[in-house]
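Please take a look at the chain below.

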Amino acid sequence: MKKKHHTKWFLKWNFWFILSVIAVVFAFAASEKAIEEKQPSPNWSMGVRIMEDLPTDERKIDLAVIEGSEEMVLGAIKENYIQLYRLDAMGEVVQSTTIDHDAVDTLKLIQVEALEDLILVKVSDRMILEVIEIDNETMTPIGLQTLSTHSEQFDSEGEYTLAADDNKLSLFKGQETLFDYAGYEDVKSVVIEVYEDQVFGALNTADGGQIFRFKNGTVEWVDLLDVPAQKTYGYIRDIYLTDDIVTVMSHKYDRMNPGSATALGVWQFEKDDLDQFYFQPYYHVGTDLYPVIVGSNRYEVTYVLGSLQAQRSSEALLMKYPQAAGGTFANVSKYTREKDEMTENTRLTITRNYPIAYFYVDYGESTKVFWLDKEENTSVLKGAGNTSEWIQSARSRNQVNYLSLLVGSLIQLFNTLFLGIVSLLSMLAPYNYGIIAFILALMVFKRFAPLEALNKEKVLFWTSVVAFAAFKLWLFGISNLDFKLFAHIYPFFFGNAILMGVTSIFTTAYALMMLYLFKREHPYYNNRFLHFMFYFGMEMFFIMFTFMAYFVSALVKSNFMM
């Protein structure tokens, strides 16, 4: 009686095949998880959602740091009330309050100043400027005063306020008017910055741009931009003060010509006498977001700017894969320029949305950036920081839904069955004649080689296996030209030729191991062609669900990937 052949479960080829399927799915899911948790820069956390349901008009939102603390206060003009939120150093909302206002639906502008024991909420309907005093501890209103009836534009810092309309500009300290200024037409913007006992400000009108210094009861004006220069460099948007330097930055973007560059004009003055010693224009990809100066030295400026950029796919990529046309991505980045040379470009955010506004908070070693992303009809406040606490907090607050991740990975892997085959055929196109010639050579060898049939089959089998493995190593591990085009999406794989080569060799060895187990489990299947087709099927499985799975995913991501 013939004894039945039994194979232990761990020596069955289908056990190792199932194990490889599980490994492929989890490896793909892990790489997708890494993308979800990608930090914008090595020392910056990924963004976290802090609060939702905020206005989409950036002029109705402001954030201020409480004096002597790392806590912050955010104010927002909503439909029926003014909302205040207190945030801790990690951006968590720890307290909130609503402020009723009889004419809240007419309010257009808000600025929040968080003093050590008092919060000042300054609001304007572009005519009447009011100051609402809030108790810092209880977050309850304790007073409301009208500050100005000329507030088409206003800016504030601490207890100082600069307000203007088409008729008059006024500088206030608390309720005291420090000076008035008139004789201009059509106010465009105002900016204020305070340094100890000196107040610096900027005024842009239809007549041009000016800056001033108020010190010891005296105001000194400097004409900065005439009308032609203002058309080129735009309105003054920020002033930054150090012990001896005044740095001024303007911003110009032509909304009627979206493809145009953004021009930033940068001026530096001696602080003592406002003597200008430096001017340099900077240019960026078009953005209507305003720059925020965060540092300055002589001939050097550090600033934060958000922009929407187009990801341009290479011509070689578009010819073969037209679906990979570049999309757009948004960044808020910190730049440092020394004269006209850029010495720093640190990305602070990763977002697929165009930010509405952003706030930069600097505590020396601890730095944070908060920004507003528009989602449907509201905006969402997000934040990121540069400390290890922020990085760990962001990871814990961005919990990955592993079930959704696995399901999504499975869906993407099965999408490979169609798109991956089409893409693979496109990659093989340059080698078509060589492949056909090799197959014809095998057919000629089989027909005319003076060998016994068994030896002939053995030579054909191993020649095909070695040729396939070598060609696979060349296509994916050595040449891999198409994959390098997507190295910016999967740098750990497509940007690493050694890992691509090792993966090719390992999967070939794994396929041969499963062929060995198949032959051991089924010794009665001794047809060499069947053996090669089994090996070929295993190789194609690994090609489709490793190399091509990532390739198809990169094709899809290229339309929105940062």
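Two rings of Phe, Tyr or Trp form a pair if their centres lie within 6.5 Å. Planes over 60 degrees apart count as edge-to-face. By this rule, the predicted model has 45 aromatic pairs.

**Ring contacts**

Two of these pairs are set out here.

| Pair | Centre to centre | Angle between planes | Type |
|---|---|---|---|
| Phe277 and Tyr299 | 5.6 Å | 85 degrees | edge-to-face |
| Phe493 and Tyr550 | 5.3 Å | 65 degrees | edge-to-face |

Take Phe277 and Tyr299. The pair links distant parts of the chain, 22 residues apart. Phe277 sits in strand E21, residues 276-284. Tyr299 is in the loop between strand E22 (292-297) and strand E23 (300-310).

Is Tyr299 buried, exposed or partly exposed? Its relative accessible area is 31%. Buried would need under 20%, and exposed over 50%. Tyr299 is therefore partly exposed. Tyr299 has a charged neighbour as well: Lys339 lies over the face of its ring, at 5.2 Å from the ring centre. Another such contact involves Arg237, which lies over the face of Tyr290 at 4.0 Å from the ring centre.

Now take Phe493 and Tyr550. Why is this pair edge-to-face? The planes of the two rings stand at 65 degrees, so the pair falls in that class. Phe493 is buried, at 6% relative accessible area. Tyr550 counts as buried at 8%.

**Annotated spans**

Which residues does the UniProt annotation "transmembrane region" cover? The unreviewed UniProt entry gives residues 13-31, 431-448, 460-477, 489-517 and 529-552. Consider two of these spans in the model. Residues 13-31 are 100% helix and 0% strand, and their end C-alpha atoms lie 27 Å apart. Residues 431-448 are 94% helix and 0% strand, with end C-alpha atoms 26 Å apart.

**A nonpolar patch**

What makes up the nonpolar surface patch of about 540 Å²? The residues are Ile435, Ile436, Phe438, Ile439, Leu440 and Met443. One of them, Leu440, is found in helix H6, residues 432-448. Patch residues need over 30% relative accessible area. Leu440 has 48%, so Leu440 is partly exposed.

Note on methods. Residues are numbered from 1 along each chain as its sequence is written. This is a predicted model: local features need pLDDT of at least 70, side-chain atom pairs count only at pLDDT 80 or more; totals for chains, interfaces and linings use all residues. Side-chain values use heavy atoms; hydrogens and water are left out. Patches are made of residues with over 30% relative accessible area and no salt bridge: like charges are joined within 9 Å, nonpolar side chains (Val, Leu, Ile, Met, Phe, Trp, Tyr) within 5 Å. Accessible areas come from the Shrake-Rupley method with a 1.4 Å probe; for residues, only the protein chains shown count as cover. A salt bridge is a side-chain nitrogen of Lys or Arg within 4 Å of a carboxyl oxygen of Asp or Glu. Helices (H or I, at least four residues) and strands (E, at least two) are DSSP runs, numbered from the N terminus. Buried means under 20% relative accessible area, exposed over 50%, partly exposed in between (1.4 Å probe, protein chains only). UniProt positions are given in the numbering used here, feature names are shortened, and annotations may be inferred rather than shown by experiment. Rings of Phe, Tyr and Trp (its six-membered ring) pair if their centres lie within 6.5 Å; planes under 30 degrees apart count as stacked, over 60 as edge-to-face and the rest as tilted. A charge sits over a ring if NZ of Lys or CZ of Arg is within 6 Å of the ring centre and within 35 degrees of the ring normal.
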